[in-house]
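Dear colleague,

Please find below the structure for your review, together with its sequence. A summary of the findings follows it.

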Amino acid sequence: LSIASGPLRFLLAVSPLPFFFLFIFAEFRWIREQDEFHRRVFLDSLAIAFPMVIAEAVTLDALQSAGFLTGFGIGEIWPFMALSWVPCLWIALRRYR
């Protein structure tokens, strides 16, 4: 599919953004509905996962710049970044035992 028009290509490229914003608002609503304990565990796990995912992204970029993992893009790696939250949730839950 070749779309020559610049504005149309731009609109197609940003068309998923409203759905991402809806997802973010749904997450905020879900967090507000939780009790204080679950909210604290969830946000603590995100506080651990956020820098870990940044480290993963920086490492991926450095490896790609050095000529390794050139076949991988962010599209193939983001599920692993999302799944790295799971051990962080476990760490946060153990903290409040």
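The secondary structure of this predicted model consists of five helices and zero strands. Read from the N terminus, the order of elements is accordingly α-α-α-α-α. The radius of gyration of the chain is 18 Å, whereas the globule rule gives 13 Å for 97 residues; the value is well over that figure, so the chain is more spread out than a compact globule. Along the principal axes, the C-alpha atoms occupy a box of roughly 55 × 35 × 15 Å.

With regard to burial and surface, 12% of the 97 residues count as buried. The chain exposes about 7,800 Å², and carbon and sulfur atoms account for 72% of that area. As for charge, there are 8 positive and 8 negative charges, and their mean positions lie 5 Å apart.

The contacts within the chain may also be of interest to you. Taking those between residues at least 6 apart in sequence, 64% connect residues that are at least 24 apart.

I would next draw your attention to the aromatic side chains. The whole structure contains three aromatic pairs. In one of them, the ring centres of W30 and F42 are 5.2 Å apart and the planes meet at 80°; an angle over 60 degrees counts as edge-to-face, so this pair is classed as such.

How do the two partners stand in terms of accessibility? W30 has a relative accessibility of 40% and therefore counts as partly exposed. F42, at 11%, counts as buried because its value falls under the 20% cut-off.

F42 also forms an aromatic pair with W85, again edge-to-face, with 5.7 Å from centre to centre and 70° between the planes. This pair too links distant parts of the chain: F42 lies in helix α3 and W85 in helix α5 (residues 85-95), 43 residues apart. The relative accessibility of W85 is 24%, so W85 counts as partly exposed.

Which residues do the ring pairs join into a cluster? They are W30, F42 and W85. F42 takes part in both pairs described above, with W30 and with W85.

Yours sincerely

Methods: Residues are numbered from 1 along each chain as its sequence is written. Side-chain values use heavy atoms; hydrogens and water are left out. Helices (H or I, at least four residues) and strands (E, at least two) are DSSP runs, numbered from the N terminus. The radius of gyration is taken over C-alpha atoms; the globule rule is 2.2 Å times the number of residues to the power 0.38. Buried means under 20% relative accessible area, exposed over 50%, partly exposed in between (1.4 Å probe, protein chains only). Contact means heavy atoms within 4.5 Å. Accessible areas come from the Shrake-Rupley method with a 1.4 Å probe; for residues, only the protein chains shown count as cover. Lys and Arg count as positive and Asp and Glu as negative; His and the chain ends are not counted. The place of a charge is taken as NZ of Lys, CZ of Arg, CG of Asp or CD of Glu. Rings of Phe, Tyr and Trp (its six-membered ring) pair if their centres lie within 6.5 Å; planes under 30 degrees apart count as stacked, over 60 as edge-to-face and the rest as tilted.
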